[in-house]
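Open the model in your viewer and keep the selection panel at hand. The tour below goes stop by stop.

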Amino acid sequence: MSRRADRLFQIVQILRGRRLSTAAMLAERLEVSERTIYRDIRDLSLSGVPVEGEAGCGYRLLPGYDLPPLMFTPGEVEALVAAIRLVQTWSGETLAQNAGTAEEKLLGILTPQRRAVAERCRIISPDFNKYPQVKIWFDVFHSAIGKLQVVNLSYRDEKGNASSRKVHPLGLTFWGEVWLLVAWCETREDYRSFRLDRCLSVTLTGEYFAERPDRSLADFINLQHSEGCLPDTKKPIGK
């Protein structure tokens with residue numbers, strides 16, 4: 001594939017994944033001039049690709065356009081395989097199984113050359129089964145986050161003190177070998193982070209919560225950035 005044909009394909013992929021893409025953003029991403037992007041957009045439109053928009057405002061791909069099969073670079077193939085292996089090792093059983101089927105589908109659509117790259121990948125993530133219970137808690141929290149379901153949590157902090165909380169699970173974050181649950185704690189009426197390996201029991205309550213702008217993962221992350229804190233240092237874990 002020529003450099004220009006490859007660039008046109010990349011433009012379609014970028015437009016497919018975004019609501020609106022400016023010529024400046026496309027030019028920076030593809031390391032070409034905006035003039036080149038304008039020319040490429042015009043040629044895509046003339047070839048039948050339904051691109052809507054104009055210079056200075058941005059472009060988008062109209063829904064319903066049937067894209068050609070995905071074509072991955074060797075680097076993208078290796079990155080996907082490495083990510084799948086990490087998920088299989090460190091997440092819960094449900095997500096690990098989904099990652100396994102995703103890998104099967106990935107290998108199935110790759111060309112023989114790209115499949116060889118995937119099978120030669122030497123980035124591994126061995127599972128030493130150090131925290132077997134964490135995989136169970138991960139699945140419970142992952143499900144609760146998706147359903148916005150309140151969870152009863154029994155927890156032991158770093159000093160060995162046990163407590164019971166009713167929390168709104170907002171997100172899971174990975175720090176090396178440690179998974180943290182980011183949640184809104186009804187008891188403390190504030191955000192808290194809980195290490196999954198310190199959870200004693202986790203129970204779905206059957207109650208549901210509505211995520212609010214001031215009680216959301218995005219708000220929690222913004223607070224960390226504004227205060228220059230990591231998720232497990234803004235508040236003592238489990239406190």
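## First stop: the nonpolar core

Select Phe141, Leu181, Leu196 and Val202: these have the most contacts inside the largest nonpolar core, which has 19 residues. A nonpolar core is a set of buried Ala, Val, Leu, Ile, Met, Phe, Trp, Tyr and Cys residues joined through side-chain atoms within 4.5 Å. Now color α7, β3 (149-156), β5 and β7 (199-208), the elements that each give two or more residues to this core. The largest share, seven residues, comes from α7. Helices (H or I, at least four residues) and strands (E, at least two) are DSSP runs, numbered from the N terminus.

This is a predicted model: local features need pLDDT of at least 70, side-chain atom pairs count only at pLDDT 80 or more, and totals for chains, interfaces and linings use all residues. Residues are numbered from 1 along each chain as its sequence is written, and side-chain values use heavy atoms, with hydrogens and water left out.

Zoom in on Leu181. Not counting residues up to four places away in sequence, Leu181 touches Phe141, Ile145, Val167, Pro169, Gly171, Leu172, Arg192, Ser193, Phe194 and Leu196. Contact means heavy atoms within 4.5 Å. Another core, of 17 residues, lies apart from the largest one; select Leu8, Val12, Leu26 and Ala27, which are among its members.

Next, select Thr89, Trp90, Lys130, Tyr131 and Glu177. Of the 16 residues lining the second largest pocket, these are the closest to its centre. The pocket has a volume of about 210 Å³. A pocket is an open set of points on a 1 Å grid over the protein atoms alone, where a 1.4 Å probe fits, with protein on both sides within 12 Å along at least five of seven lines; lining residues have an atom within 4 Å of a point. The volume is the space filled by probe spheres set on the points, which are joined across faces, edges and corners.

Show α4 (74-90), α7 (132-147) and β5 (178-185): each supplies at least two lining residues.

## Third stop: cysteines

Search the whole structure for disulfides (pairs of cysteine sulfur atoms within 2.5 Å): there are zero. Select Cys185. The nearest cysteine sulfur, that of Cys199, is 12 Å away. Is Cys185 buried or exposed? Cys185 is buried, with a relative accessible area of 0%. Cys57 is partly exposed, at 45%. Buried means under 20% relative accessible area, exposed over 50%, partly exposed in between (1.4 Å probe, protein chains only).

## Last stop: Gly53

Gly53 is found in strand β1 (residues 51-54). Leaving aside neighbours within four places in sequence, Gly53 is in contact with Gly58 and Tyr59.
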